[in-house]
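The sequence and the structure come next.

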Amino acid sequence: FSPAVFPLSCVVQNYSWGKVGLESEVAKLVASGDPLVQIQPDQPYAELWMGAHPRGDALIRDNRIPQKTLGQWIADNPACLGAKVKDTFQGQLPFLFKVLSVNTALSVQAHPNKELAAKLHAQFPEHYPDANHKPEMAIALTPFEGMCGFRPVEEIVSFLQNVPELRALIGEVAAEQLERSGSDDPRGVSAALRVCFTRLMKSEKKFFVDQLNMLVKRISQEAAEGKDTSGSNGDLLLRLHSQYPGDIGCFTIYFLNLVRLEPGEALFLGANEPHAYLHGDCVEIMACSDNTVRAGLTPKFIDVLTLCEMLNYTPAPSSSKIFPAAQSQLDPHVYLYDPPVPDFTIMRIEIPASIKLYLISAMDSASILLVIQGTAVGTSTAAASEMSLQRGSVLFISANESISLHLSSPDGMLLFRACCLL
């Protein structure tokens, strides 16, 4: 007998933008999932990687299994993925599941589509490590803030008129072109937006640092006098400037939507969608890739030309960026986040306290289950023994296997399950 359902011990990434110590949801989950772990109070806990990525391959917590990591186990047991997934994704788990705890902003970035990814990887393998696309989806665990997609043109025009430092960087010709572009000509709008954003991102370093300093000084003075600085997006500007002083990314707040998610709300980021996470905790799922084209709010390699070329310059309101969950037809406790890409789907499973026995149903795909709240004992014909589940537990479930949960918590359970529904 070889177990096909087993607990995982997952890799933490301590990136500098993460929340520190037990303020981090990542740290809290890790600490409750494994009481032996010591959380360092001054260390950032940015990401928890639940998957088989070579830079963060999960360890198997079952001593009856000879393989040490999930990646090794899948390589030796590819049928666990499910027949369709195995064939479509060449025997690889097609997604990486994560928890993120964001304290300071992540870089302004976008992810290439498959065609561009292949080209970038061939030309610059040191910056673009693979040839895959990288759509991703984030679901808020705590109130979550990010920037995503281009704002409606009237909002950008209003900033161009209220923020002279921004207008100076873009130049009068490009600013007027955007102001004149009419809603009856979406291609004209996108072309004007591309010109404006490219002018901003390619402006001379000394010039934009001077303009940024002038802007920060002006807004700081206005704020100190008790004036309303919202016409210049003052609060966010000062916050990002304090995190990344002198960074061109500070000006992107005038072009990109600010999106606020409540717990359970989601953001889907398709190819070429500019975005930057700003603050909060979320679960995230993405296609297995590390391809990121960055342009600001970062000390890392930035590739402004590629970014400005590839972006989707379609303006849309921030409300349109929130991706809806659909309640499952088969099980009212399951909410599906099923994006328009084949690589991944997430299920949010909310089990009320009144239910004492719940079946995590079998499906035609391998899946990874994360417990956010509640406790249960899990049993499965494919597991070596009973598994005790609590906040922070992570389970790998092979295709076509199910788990019975015997709930023992007074408040029910909240779980997220990542899978691939082909």
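## Helices α5 and α7

In this predicted model, helix α5 crosses helix α7 with left-handed geometry. Helix α5 covers residues 153-162 and helix α7 covers residues 172-180; their axes come within 10 Å and cross at roughly 140°. Angles count as roughly antiparallel only when over 145 degrees, so α5 is oblique to α7.

On the α5 side the contact involves Val 153, Ile 156, Val 157, Leu 160 and Gln 161, and on the α7 side Ala 175, Leu 178 and Glu 179. By class, the contact of α5 with α7 comprises 6 nonpolar residues, 1 polar and 1 charged.

## Helices α7 and α8

Helix α7 also packs against helix α8, which spans residues 186-201; the two axes come within 9 Å and cross at roughly 150°. With the limit for roughly antiparallel at over 145 degrees, α7 is therefore roughly antiparallel to α8. The crossing of α7 and α8 is left-handed.

From α7, the residues in contact are Ala 174, Ala 175, Gln 177 and Leu 178. They meet Val 189, Ala 191, Ala 192, Leu 193, Val 195, Cys 196 and Arg 199 of α8. The contact of α7 with α8 has 9 nonpolar residues, 1 polar and 1 charged. Ala 175 and Leu 178 of α7 take part in the contact with α5 and also in the contact with α8.

## Helices α9 and α10

The axes of helix α9 (residues 205-224) and helix α10 (residues 234-243) approach within 10 Å, crossing at roughly 125°. That angle makes α9 oblique to α10. The crossing of α9 and α10 is left-handed.

Helix α9 contributes Leu 212, Asn 213, Leu 215, Val 216, Ile 219 and Ser 220 to the contact, while α10 contributes Gly 234, Leu 237, Leu 238 and His 241. The residues in the contact of α9 with α10 are 6 nonpolar and 4 polar, with no charged residue.

## Annotated domain

The UniProt record, an unreviewed entry, places the feature "domain: Phosphomannose isomerase type I catalytic" at residues 5-153. Over residues 5-153 the chain is 22% helix and 28% strand.

## Whole chain

The protein chain contains 11 helices and 25 strands. Its radius of gyration is 23 Å, close to the 22 Å given by the globule rule for 422 residues, so the chain is as compact as a globular protein of that length. The C-alpha trace of the protein chain spans about 70 × 45 × 40 Å along its principal axes.

Technical notes
Residues are numbered from 1 along each chain as its sequence is written. This is a predicted model: local features need pLDDT of at least 70, side-chain atom pairs count only at pLDDT 80 or more; totals for chains, interfaces and linings use all residues. Side-chain values use heavy atoms; hydrogens and water are left out. Axes are lines fitted to C-alpha atoms, for helices over the stretch in contact, and angles run from 0 to 180 degrees between N-to-C directions. Helices (H or I, at least four residues) and strands (E, at least two) are DSSP runs, numbered from the N terminus. Angles under 35 degrees count as roughly parallel, over 145 as roughly antiparallel, 65 to 115 as roughly perpendicular and the rest as oblique. A crossing is left-handed if the near helix is turned anticlockwise from the far one by less than a right angle, and right-handed if clockwise. Contact means heavy atoms within 4.5 Å. Ala, Val, Leu, Ile, Met, Phe, Trp, Tyr, Cys and Pro count as nonpolar, Asp, Glu, Lys and Arg as charged, and the others, Gly among them, as polar. UniProt positions are given in the numbering used here, feature names are shortened, and annotations may be inferred rather than shown by experiment. The radius of gyration is taken over C-alpha atoms; the globule rule is 2.2 Å times the number of residues to the power 0.38.
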